[in-house]
There are 4 protein chains.
Amino acid sequence: MNKQPYETFEDFDRIHEECGVFGVYDFDRHDVAPTIYYGLLALQHRGQESCGIAVSDTEGPKGKVLVHKGMGLTNEVFTPEHLERLSPGDIGVGHVRYSTAGASTRENAQPLVLNYIKGTLALAHNGNLVNAPELRRELEYDGAIFQTTIDTEVIAYHIARARVKSKTVEEAVGRAMRKLVGAYSLVIMSPRKLIGARDPFGFKPLCIGKRDNAYILSSESCALDTVGAEFVRDVRPGEIVSITRDGIKSDTSLCLPPEKEARCIFEYIYFARPDTRIDGVSVYHARLAAGRFLAKDHPVEADLVVGVPESGNAAAQGYAQESGIPYGTAFVKNSYVGRTFIKPKQKSRESSVQVKLNVLKESVAGKRIIMVDDSIVRGTTCGRIVNMLREAGAKEVHVRISAPPFLHPCYFGTDIPSEDQLIAHGRTVEEIRQEIGADSLGYLGLDRLPQMAEGLPICTACFSGEYPIEPPREDIRGEYQK
Amino acid sequence: MNKQPYETFEDFDRIHEECGVFGVYDFDRHDVAPTIYYGLLALQHRGQESCGIAVSDTEGPKGKVLVHKGMGLTNEVFTPEHLERLSPGDIGVGHVRYSTAGASTRENAQPLVLNYIKGTLALAHNGNLVNAPELRRELEYDGAIFQTTIDTEVIAYHIARARVKSKTVEEAVGRAMRKLVGAYSLVIMSPRKLIGARDPFGFKPLCIGKRDNAYILSSESCALDTVGAEFVRDVRPGEIVSITRDGIKSDTSLCLPPEKEARCIFEYIYFARPDTRIDGVSVYHARLAAGRFLAKDHPVEADLVVGVPESGNAAAQGYAQESGIPYGTAFVKNSYVGRTFIKPKQKSRESSVQVKLNVLKESVAGKRIIMVDDSIVRGTTCGRIVNMLREAGAKEVHVRISAPPFLHPCYFGTDIPSEDQLIAHGRTVEEIRQEIGADSLGYLGLDRLPQMAEGLPICTACFSGEYPIEPPREDIRGEYQK
Amino acid sequence: MNKQPYETFEDFDRIHEECGVFGVYDFDRHDVAPTIYYGLLALQHRGQESCGIAVSDTEGPKGKVLVHKGMGLTNEVFTPEHLERLSPGDIGVGHVRYSTAGASTRENAQPLVLNYIKGTLALAHNGNLVNAPELRRELEYDGAIFQTTIDTEVIAYHIARARVKSKTVEEAVGRAMRKLVGAYSLVIMSPRKLIGARDPFGFKPLCIGKRDNAYILSSESCALDTVGAEFVRDVRPGEIVSITRDGIKSDTSLCLPPEKEARCIFEYIYFARPDTRIDGVSVYHARLAAGRFLAKDHPVEADLVVGVPESGNAAAQGYAQESGIPYGTAFVKNSYVGRTFIKPKQKSRESSVQVKLNVLKESVAGKRIIMVDDSIVRGTTCGRIVNMLREAGAKEVHVRISAPPFLHPCYFGTDIPSEDQLIAHGRTVEEIRQEIGADSLGYLGLDRLPQMAEGLPICTACFSGEYPIEPPREDIRGEYQK
Amino acid sequence: MNKQPYETFEDFDRIHEECGVFGVYDFDRHDVAPTIYYGLLALQHRGQESCGIAVSDTEGPKGKVLVHKGMGLTNEVFTPEHLERLSPGDIGVGHVRYSTAGASTRENAQPLVLNYIKGTLALAHNGNLVNAPELRRELEYDGAIFQTTIDTEVIAYHIARARVKSKTVEEAVGRAMRKLVGAYSLVIMSPRKLIGARDPFGFKPLCIGKRDNAYILSSESCALDTVGAEFVRDVRPGEIVSITRDGIKSDTSLCLPPEKEARCIFEYIYFARPDTRIDGVSVYHARLAAGRFLAKDHPVEADLVVGVPESGNAAAQGYAQESGIPYGTAFVKNSYVGRTFIKPKQKSRESSVQVKLNVLKESVAGKRIIMVDDSIVRGTTCGRIVNMLREAGAKEVHVRISAPPFLHPCYFGTDIPSEDQLIAHGRTVEEIRQEIGADSLGYLGLDRLPQMAEGLPICTACFSGEYPIEPPREDIRGEYQK
C-alpha cells in the first residue's frame, strides 16, 4: 500500500482534427464575444486543447484588440468575467485548437494577435501548410523572429509583408496565399474588416452565415444553427471574402485560380459534426451512405446493428436501413468522462475504454452483433470493445468500418500516427480481424469514397497515398516544437 | 455596446437525483481511492454538485481517515495529487451529490467524516428522511450542534448515540435505523468495517459487488462494470450488510422488519443509467417496455420515432419496436456543454436548449415525427424542442412521454419543483399539448408503472399522490439551508 | 541534470501563535464584512494558515449565516466576489489561524458555524483548553460526534447543551465556561448578539473598540487602529460582554470568579504587534524595556546595536538607548518571501535564512555588533545569522535575547517544539553560545519578566515550568489530528 | 445594506521600476532554474506584475527552450512542479516585470523566447528605448509583425536581422545596439551562450557574479548574495559580455563607444535594494549620505527622527547620525498586505495607508518628529501619514525628502505619473508643505545628487529636466498598449 503515483491519462487511440475557426461582425454593434463563445462550444469537437477569442470595436480606437486565450475547453477557459472584459467589441474571431503539444503550448493558442504596419490583425487558422518549414527558413534568413511554432505565424508574416505593397488587407491576403502551399481555412480580423479565406484545394471547410445584421464565418454550419444564424453559403476553394460595413464581397481578381479541389474526406467520415453540411453535402447523409455501402459490400447475417458511440451511429443506421437488420443500442457512454481522467501509473484494472463505455448486456446477450465504427487506428480500442461485447454475451461480433484502412500520413492538418502504429500497416484485413478478435471485418472500399461525398472532389491521401500536393520531403508534423 | 454582465447559466428544467454512494474494502490491501474515483465517475449522473472520497488503512493507526471533498464534478475535484494523498487506504467510501444549494454548500459535501466514541466514522448517504426536522429538533433539545444541513448528520448522531449502548457498530446502525423514517441507502466506513444499509421501503438502490478480494457497495450496478467487478446481489430493503476481513455477512436480527416495499419508479424512468439493474430489473428493459406501452396506448401514424437524448432513446426504441415505425436520430447533442455555461444576463438570442441540442435537418425534414422523452417538467424545454423540429421541416410532431404527468412533491430524495411550476398542475393533457405546440401528446398511464417494474412494489407518489409514508406536515426540502 | 523534485519549504524555526479573533456589530446596519477583512489583515501575524468570516443580518431571516473560509492568508482567501457575497450582514465574526496541521485542515478553519436549539451560532476562538480531551471523551460517551479536531467544537457543544436550560445565550456561555479549563478568548455571534469572553486567567488578549455606531471585539488593539476605531477597554479575565442593539453590557453574575491572572508573557515578547496594548501595557514599551534590561544585565563594549527583523528591533532600540551604543540596521529582509518558498529536495546552496535575510555589509563590516533577537528556538537560524554577520566582516557578534531560554511545553495555545528540539534543553548558556558561534550571549532574566509586563500577573511556564493550571497528563497538542 | 461592489485596490502613489533581469550558466551542468528562482525573489522589488524563467540544456537538442511565465509574484507563479519541468537546463534567464498594464499583459511577460535563423533566443530586458516607436515603424514598413508591446521585441528583431550578416550572436547584439537609443540592460540566452549587455549611458545596473563553476548576470548585486555567489564586477556601460564554456569574455571591438554616462539616480534613491552596490557605490551609503545632507541643509530642532518604512529608513538614520537627534521607529508596517487588497467601491473608512501602516503612539506622542521619506509623488500618502502622526500625539511633524521634487517625465524605464498629477508641479515648496500639513518641509538639493552617487555620472532628468538623450517627440510610455 505504498503511495502510488497517478497521472492524468488521455486516450490517444483517436484521430484528431487540428482546429476550428469562427468570426462575427455585427453591424448593429452588439458585443460579439458571447456569440463567438457559443460558436466555439459548437466547434469544440474540432479542438479541445486550447481556445481563444479576440474582439475589437470598429468605431473605437483603431487597433485596440481585446483577447483572452487559454489551455483547455471553452467552458474551462472562459468565465463570465472574461466575456465581460471582451467588451466593447462588434467584430471578433475565435479559435479552438488541438495539437500534439509540448510543454509550452500556451504560446501557440490562437487567435494570433499582432501589430503590423496597418495596426492590428487577429488570425484564426485551420489546416497545415506543406511548405511551412521552407517559408519559415526563408523568413528567418531575412531576419524574422518566431514566437510560436504554428503555421499561422508564417501566414501572418506573409500577409504583413504583402500589406506593405498592397492597397487593401484583402489584396495582401491574396498575395500571401500565392505563397502558401497546403491546407488553410482562415478567419482574419483587421480593425474594420472580417476576412475569410480558403485554400484553392478546399481541404478544410469554411462557411458564411447571417443573423440579423451580423455576418458570421464558421468552420462548420452546425455552429450557425447553435447561434441562431442562417447558412448563406460556403466560402469557395481559393476564395477570399471580405465583410465590411458595406456588406460582404469577394473580389475575384484577388482569389486564387482554381486548383484540383481536394476536400478532406475524413471531415465527412469523422471530424465534422453530423448536423453540418460541407460544400452542399450533409455529413449525416454521407455517413448514412457509408453504412449502406458497407451493408451492400460486406453483408452478414446478424440480429442487431450497433454503432460505437458517437461517431459510429450514423453509419450503423445506414447499415441497418440497407440490410433490414434492426438498429439498436449496445453501449452506454459516460458523458462525464472527458478527454482525460486519472490513472495509476502502474497497471490498473480499469482500462480507459471501460471507464468511458459500458455494454448494455440486455441489448446484446445471445445476439449476433454488427458493430459499426468510423475507423480503426491502433486497434487496441476496437479490440477491447469487441471483447466487451463478447463478455456481455454476444454470440458473434462483426465489425464494419465506415472508412478504408489508414495507411499514410496526412500533411494537411490531421494528426495520423506514424505508420508503425497503424494496425493496417503491413497487415491484411484478415490479420487485422484476428488482432481485434472479430468474427468478420469489413472496411469501406476506396471506390466508395467519391460516392459518399456525392461526387465532390476529395482528398483520400491517408487511405490511398495519392496526395493532391506533393508531400514535403521532411515530416512537418511536430517540427519546431519547443 | 456597454459592458454587459454575464452569468453562469444552469438548465433547471430537469428533475435531479440527490446522490450516489460507493464503498470498497480490499482485503489484499490495495489502495481503494482510484477504484472509488472510477466508481464515482460512473455514478456522476446521480449528482454533479459536489463529491468526495474518504479512505482509511485498516492496519494503520485506528481512526486515521484521509479525506478529500470539493464542489464540482469528480474530474474537476480530483487531481493525481489528491489521489496520491488518499494513501494508504484499503477501505473507503465515496459520494457524489446534487442539492438545491446555497452559499456555503462546501460544508454539505459528503462523505461526512467524524470522530465519535469508537474512533472515526465516514458516512455516505442517498435519500431523504421524512422525519429529519423532528429528529434534528429532538437532538437540539438535547444539546446537539449541527454543522451541516444534510440528513446524513442526523443519521450520524443517531448512530453515535446508539453506539454508546451497542456492542457493535452494526448494532448501532440497526438501532439508529429504527428511528429514521424515509429514504436512505447508506455506505458507512468504520476503522475496520464497511457497512451498507437500505431503508425498509427500498426507495433507493444499493448493491454489492466483488472484484478479486475486494467487496464493493454501489448505488448502481453500472459502476461495478466500470471497475471490473462482478455483481453479487442487491442489498435488501431493511438490510444491514457488514464487510469485515472475515467476509460479508448480514445479521438478520439487526435488520429492520419488512415494510411495504416502495422502490422509486423514477429510478427506472430517468435517474439510473440504462446499463444498471435494480433489484433484478434492468433499467434499459423497463424503458424499452415503457416505450412499447406508449406505442400500444398512444398509437399514431408517423414516419420516424426519435428520442430526446440521452434519456428518451431507450423508450423511443421500444416505441419503434412495438409500432414498426423506423427509429432514427433527430438530434445532435453537444457533449462539451456541461451542466452550466455562460449567458448574458440580458436577453440573448441563444437558448440553453439550442446550445445543447441541434436538430439533424436531414433526418426530420418533411417527416411526421414521434418524439419520445422521459418527462415534461415545466414544459419550456419540451416546447422549444418541438419548435426546433418544426423549424427543421418536420410535418408533424407527436410527443410521447415515458412517464405519467408530474403532479406531487417528492419527500424521498427527488428534487421535483413546487406544484405551480409543474406544467401538468391544473392542466389537462390537451392543454399541455397546446402549450408545447405538439400535434398530439401521450403520457404513460399510471397503471403501466407496475408492469414497467416487472411487478416490483414501487413508489409512484410524484405521479399518483399515494405516499408510502405519510408526508411531513412541513416542506422538508431545503429547510435549514443557510 | 536529472529532474530533481522540489518542495514547498516552510521555515519552522519560529514559535507560532495559534489564532486571532475579530467581531463587529454595526448598529447603523452597514455591511461588516469589509471591516472584518481589514481587521483580519491586521491580525494576520497571529495565524497564517487559514482564515474565515461569518456574517448575519440581525433584521433578516433568523439564523441565516453567510460564511467564507479557506486555507491561506486573508488576501489569498478573499476576493472582491467573496466579500460581495457576505452581504447583507451587520454583525459578524472573523478568525485567522495557525495549526500544526495535517492533511485535511480545511475542516478546522474557523469561525465554526453551527445550528443549535436557538438557531445559529458562529464561534471564533484563540487559545487551548487543558481539559479538551476529557471534555471530548465525556461528550462522546454521551453520543456526541465531532467533525473537527479543534477545541472550539468542544466549547460549542458545551454552550449548546447549556443553552437548553439557560434563559439567554450569555447565560449558556457562562455555564459552559465553568467547565472549560485553559486559555480561551472567544468571539461568538448569535442571531442578534455579539458576545466576547475571556478565560479567568486572561491568558490571551481580547479588547473592545467602537467606531461610530459599531462595536468591535478584537484580539489586539492594533486592529482597531487599522479600521479607524477607538479603543474602549480590554475584556477582563473571566468576563462575558454582550453587545446587543441596546449597547454593550457585562452581567457580572455570569462572569467567572477571579482566578490567579496569568497573561501570556510571550504576547509581549513576540506574538503581539508592537502597536498593540494588552491590559494597559504597550507591547512596544515592554520590548524597549526588555532591551534596556539586557543592556543593564549583559553589557558589552560594541560599535552597533542591531535587531533581527522585525521582532528584534524594538528590544535592540531599548538596548541602544540604555547603553548609548548607536542603533543601526544590519539586515535587509525580503518582504516578498512569505511563509513558504520552493526548495530542491536534495541539498541546495541557498538556505532559507539567506533567501529571507541579507546582511548590509556596509553597515557591519569591521564593527563589533550587538545583535538582539526575541528568542532562540532550535538555534539553527540564530547560528546562521551570526555566521552571516561574520562573513560580512563583523569583528565581534554579541547576541542578546529579549526572553529567557525556552525550556518547557505550553498547553495554552503556543506551539513550542518538543524539548529535544529546544537548544536550551540540557545546555548551559555557554554551550549555547558556542553552538551559535557568538562572542557572547545574554538572555533576559526570569526576574525581569514581571517588570517587562509592568507588574501585571503573567504566565511564564514555557521559561520557568511554573504552570498556573496543572498541565494535562497527556500531551494535548496535535491530538485527534486526522 | 445593499450588496456593495468591491474591487482589488492598488496603491498608485509610488514610483515604479520597470524590470529586473537575471541569468545563470552553470558549467557543472546543474539545473539553473532554482537559482534563477531565488534570484528573482531577490529582485522582486523591481517588478511585481509578471515573471518568468527560460532555461536550455547546452548539451541537449539545440534550440530546445523550456519556459514558464505568468502574471503575479515569483512565489505565486512558480510551484515545485513548474521548477521540475524546467529541467534539464544548465543555462537560463529570468525576469520580473512591472508595467502600466492593460487587459492582456500575459503576452508581455518576459523572457521573450523566439526562434530565429540560428535556433532560439531568450531575452530579458530592463529599461526603455527612446526610439522604440521609430524602430517599430521602420520594421513594420519592412513587413514585421509584433505580438507584444514591449521594447524587448524590437531589440529581438534587430538582433535577428543583424545575425543574418554576423558571424556570432555577440556581433549581432553589438550591431543591434548601434540602433537602440535609450536605456537597456539585457540578459540573452542563445543555445550555447549567456550574454549580458548594457547601454552606453549605463542607465540601468547589471553586474556579474560567480558561484563555483557558474557565472551569473543580475540587475542587482543583492541577488548574488541571496544565491551565495560572489560579486565579480559590474558590466560596463556599452559593454557586451559573453559567457561560454570557455569562460567570460568581452570583445571590446563589439562594445559601443563610450557616451556620456548617465546612471539613473533614482536607483540609489529608491529602486535598488539597500544591500546592493551599483558601479561601486553602495545604495545604503548613498541613502545615509542623502540623510546627512538633509540634516545639514534642512536642520530643525526635534526629538526623534523616523523613516517612512521601508524606503525612508536609511536616510532617516543618516539624518539622525548627522544631527545627533535620536533615531526611532514610528510606524508598524503590515507585511501581510501586499501590493493589492480589497476595497469597497464606495467610500470606505479605511484608507490604504491605514491598512498598511500604523503609528506607534508610544513612540511619537508628545514629541517633535522628523519624518524622512524618499519622495513625494501625488502627496496624498504623505499627507495622510503626517496626519496619522498628529493624531497619535506628535507635537510637530517636519518632513524631509531624500530626493529633489519630481517635475519631469522619465523616458528610460521609470513610471513617473504625468505632470498634472505630481504635487511639485506648479507648486512652491511652501505650498507643498501646506498641502501635506507639515510644520516644515525640506527636499534634497539637486546639487547633492552627484555627491550622493560619489561622483558617478548620473541622470537627474526627472528632477532637473536635463535629459542625457533628447526626449522623444511623442510620449512613448504606454504606447501600443492593447
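**Chain contacts, symmetry and sheets in a predicted model**

Chain B and chain D do not touch, and 11 Å separates their nearest C-alpha atoms; here two residues are in contact if their C-beta atoms, placed from the backbone, lie within 7 Å. Chain A and chain C do not touch either, with their nearest C-alpha atoms again 11 Å apart. The model is a predicted one, where local features need pLDDT of at least 70 and side-chain atom pairs count only at pLDDT 80 or more, while totals for chains, interfaces and linings use all residues. As for labels, residues are numbered from 1 along each chain as its sequence is written, and chains are lettered from A and ligands numbered from 1 in the order in which they are written.

Superposition is by least squares on the C-alpha atoms of residues with pLDDT of at least 70 in both copies.

The contact draws 60 residues from chain A and 60 residues from chain B. On the side of chain A that touches chain B, helix α1 (residues 33-43) of chain A gives the most, with five residues. Helices (H or I, at least four residues) and strands (E, at least two) are DSSP runs, numbered from the N terminus. Sorted by class, that side of chain A has 26 nonpolar, 21 polar and 13 charged residues. Ala, Val, Leu, Ile, Met, Phe, Trp, Tyr, Cys and Pro go down as nonpolar, Asp, Glu, Lys and Arg as charged, and the others, Gly among them, as polar.

On to chains C and D. Chain C goes onto chain D with an RMSD of 0.0 Å, by a turn of 180° and a shift of 0.0 Å along the axis. The C-alpha of S335(C) is the one in chain C nearest the axis, 3.5 Å from it. The same surface serves both copies here, with 100% of the contact residues of chain C recurring in chain D.

Chain C holds an open sheet of seven strands in the order β4-β3-β5-β2-β11-β10-β12, with antiparallel pairing. Two strands pair if DSSP finds at least two bridges between them. At the edges sit β4 (65-71) and β12 (230-234) of chain C, each pairing on one side only. Within this sheet, strands β10 (residues 207-211) and β11 (residues 214-218) of chain C pair in the antiparallel sense over five bridges. One bridge brings C207(C) together with S218(C) in β11(C).

Elsewhere in chain C, E431(C) has its place in helix α14 (residues 429-436). E431(C) counts as exposed because it has 12 C-beta neighbours inside 10 Å; the cut-off for exposed is 12 or fewer other C-beta atoms within 10 Å of a residue's own, with C-beta atoms placed from the backbone. From E431(C) to A54(C) is 377 residues in sequence and 50 Å in space, C-alpha to C-alpha.

In chain D, strand β3 (residues 50-56) and strand β5 (residues 91-97) run antiparallel and are joined by seven bridges. S56(D) has I91(D) as its bridge partner in β5(D).

Notes: A residue is buried if 20 or more other C-beta atoms lie within 10 Å of its own, exposed if 12 or fewer, and partly exposed in between; C-beta atoms are placed from the backbone.
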